[in-house]
Amino acid sequence: MTAQLRHMLRDDDVSHDEQLDILELGMRFRENRLFSRPFEGPQAVAVLFDKPSTRTRSSFSVGVAELGGYPLVIDKGGSQLGRGEPVADTARVLTRMTSAIVWRTFGQERVEEMARYATVPVVNALTDEFHPCQVLADFLTIAQHQGGVSELAGKTIVYLGDSANNMANSYLLAGATAGMHVHIAGPYGYLPEQSIVADAQAIAAKTGGSVLVTTDAKEAVRGADCVFTDTWVSMGEESQYATRSKPFWDYQVNDELMSLAADNALFQHCLPAYRGKEVTASVIDGPQSVVWDEAENRLHAQKALLTWLIAMQRDDTSLLNGTK
């Protein structure tokens, strides 16, 4: 292995084999949360929030601490970024003081600029375009319940609802990278950008996966191994719920729709969930739901990702073997 600075800004920033390595590492962290501590010292990891958060804040804060480090959590209101300081200037400062930078923000261009000026790994903890850390946790959850990481390739996953959002984009890219058959279903006007679909198709052609984008929820779900959905109204749009939710009712995940999936199909939701809207209570609280494992796996997947990124930068495979 040759030392190299790597970032996780979108789901296709890692190859098929690298994604498998990160997920296998995540499984090891599930078994032993302290098996590797690459930030022992403690070394600081900057964790920046421009948006409210529960799972991302908790999982990265606890995760960095369990990796032996100090989570330097900075909210928008407590940083000069929130007052208009250029991203490049913040990057130049943080990169001299921390071992990695994690950022939950708005436009994808913001994390890309941070990475351009940083000399430490930068992790996208959510942007308007992608949510790669969530999807790593989602795939770790499938592996946990359906035969391990080696069995991910060839599985069919389906995402239903607002398909013009960051979750749909990340399922497309990450699922194609994993060699999965990715089905995305949503109403006209709420489908993924063609450029993202094209990127996913190009990846799938190399990994043996496939991509289906449709407006037919039943077609998408039929035979699926895992069904995903997300809230129909994004953060900050709650006042528009009555109007904005109208196109999505045919994509509600309910018992009838789940019955079309494989017999052992899983249900996942990145949370927070609105029972009776994008998913019924009978599904999210039912036997096929693994949403609490999914939430926990944010911790393990993100620790694995940070450990892998640091191992790449330091050219230190011992970090991946749990000897440090």
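Reply: Two definitions to begin with: two strands pair if DSSP finds at least two bridges between them. Helices (H or I, at least four residues) and strands (E, at least two) are DSSP runs, numbered from the N terminus. This is a predicted model, where local features need pLDDT of at least 70, side-chain atom pairs count only at pLDDT 80 or more, and totals for chains, interfaces and linings use all residues. Residues are numbered from 1 along each chain as its sequence is written, and side-chain values use heavy atoms, with hydrogens and water left out.

Me: How many bridges link β1 and β2, and in which sense do they pair?

Reply: Six bridges, in the parallel sense; β1 covers residues 44-49. Phe49 has Asp75 in β2 as its bridge partner.

Me: What is the strand order in the open sheet?

Reply: β2-β1-β3-β4, four strands with parallel pairing. β2 (70-75) and β4 (122-126) are at the edges with a single partner strand each, so one side of each has no neighbour in the sheet.

Me: Ok, backbone. Which peptide bond is cis, with omega near 5°?

Reply: The one from Leu271 to Pro272. Leu271 also has a positive phi, near 65°, and lies in the loop between β9 and α11. Most residues other than glycine have a negative phi, and most peptide bonds are trans.
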